Amino acid sequence: MPPPRDPEIMPDERVGSDDVFEVRVLGEADLSGSYRVAEDGTIFFPYAGRIQVVGLRPGEIQQLLTQKLKDGYIRDPQITLAMSQWNSRKVSVLGQVNKPGPVSYFPRMTIVDAIAAAGGFTPVAATNQVRLRREANGRVETKLYRVSDISQGQSPNVTVVPGDMLYVEERFF
């Protein structure tokens, strides 16, 4: 499995449960703030009530909030929305790392970044035995990467996407 090209690695920017975004409404400090998407896919927004946002893109949420406030509350609401945490996007890092489990994804995250987010390798990690498992187009692909070689500049780094699983093998002594 060759490293994905940039257009292929960009995850869909749709909001999921537990994601957090910042909303700023010009001149309305009471409406501005941080909003976390509930497990049921909604947020509670003043004057608008409970709003379903899971599956929407940030720009679509911004338009929805603008429309809700226009409907009898603010004449011409000026709203900005910025994602602050993509908690619904995770990469699993398992095996011989210091903190195995899911790590939060960020755009253009690499294998090295994911392992660092999991606390780095344990002393018994086989740094050149890291398996990347990816589901794409209904198929599961697994490939072995030599992360020590990547860290030393001998191999190109590989970009990961949400849903990928990395497994760091234990080395043989």
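## Close-up views of salt bridges and an open sheet

**View 1. Arg139, with a relative accessible area of 52%, is exposed.** In this predicted model, the side chain of Arg139 meets that of Glu141 in a salt bridge, with an N to O distance of 2.3 Å. Glu141 has a relative accessible area of 22% and is therefore partly exposed, given that the exposed class begins over 50% and the buried class lies under 20%.

**View 2. A salt bridge joins Glu135 and Arg133.** The closest N and O atoms of these two residues are 3.3 Å apart. Glu135 is exposed at a relative accessible area of 59%, whereas Arg133, at 30%, is partly exposed.

**View 3. Arg131 and Glu169 form a salt bridge through their side chains, at 3.2 Å from N to O.** This pair links distant parts of the chain, since Arg131 belongs to strand E8 (residues 125-136) and Glu169 to strand E10, 38 residues apart. Both partners count as partly exposed, Arg131 with a relative accessibility of 34% and Glu169 with one of 22%. The structure as a whole holds seven salt bridges.

**View 4. An open sheet of mixed pairing is built from five strands, in the order E7-E6-E10-E8-E9.** Strand E7 (101-104) and strand E9 (139-145) are the edge strands, each of them pairing on one side only. On average, and with direction ignored, neighbouring strands of this sheet are turned by 25° against each other.

**View 5. Strand E6 (residues 90-95) pairs with strand E10 (residues 165-170) in the parallel sense.** Four bridges connect these two strands, and Leu94 has Tyr167 in E10 as its bridge partner.

Technical notes: Residues are numbered from 1 along each chain as its sequence is written. This is a predicted model: local features need pLDDT of at least 70, side-chain atom pairs count only at pLDDT 80 or more; totals for chains, interfaces and linings use all residues. Side-chain values use heavy atoms; hydrogens and water are left out. Two strands pair if DSSP finds at least two bridges between them. Axes are lines fitted to C-alpha atoms, for helices over the stretch in contact, and angles run from 0 to 180 degrees between N-to-C directions. A salt bridge is a side-chain nitrogen of Lys or Arg within 4 Å of a carboxyl oxygen of Asp or Glu. Buried means under 20% relative accessible area, exposed over 50%, partly exposed in between (1.4 Å probe, protein chains only).
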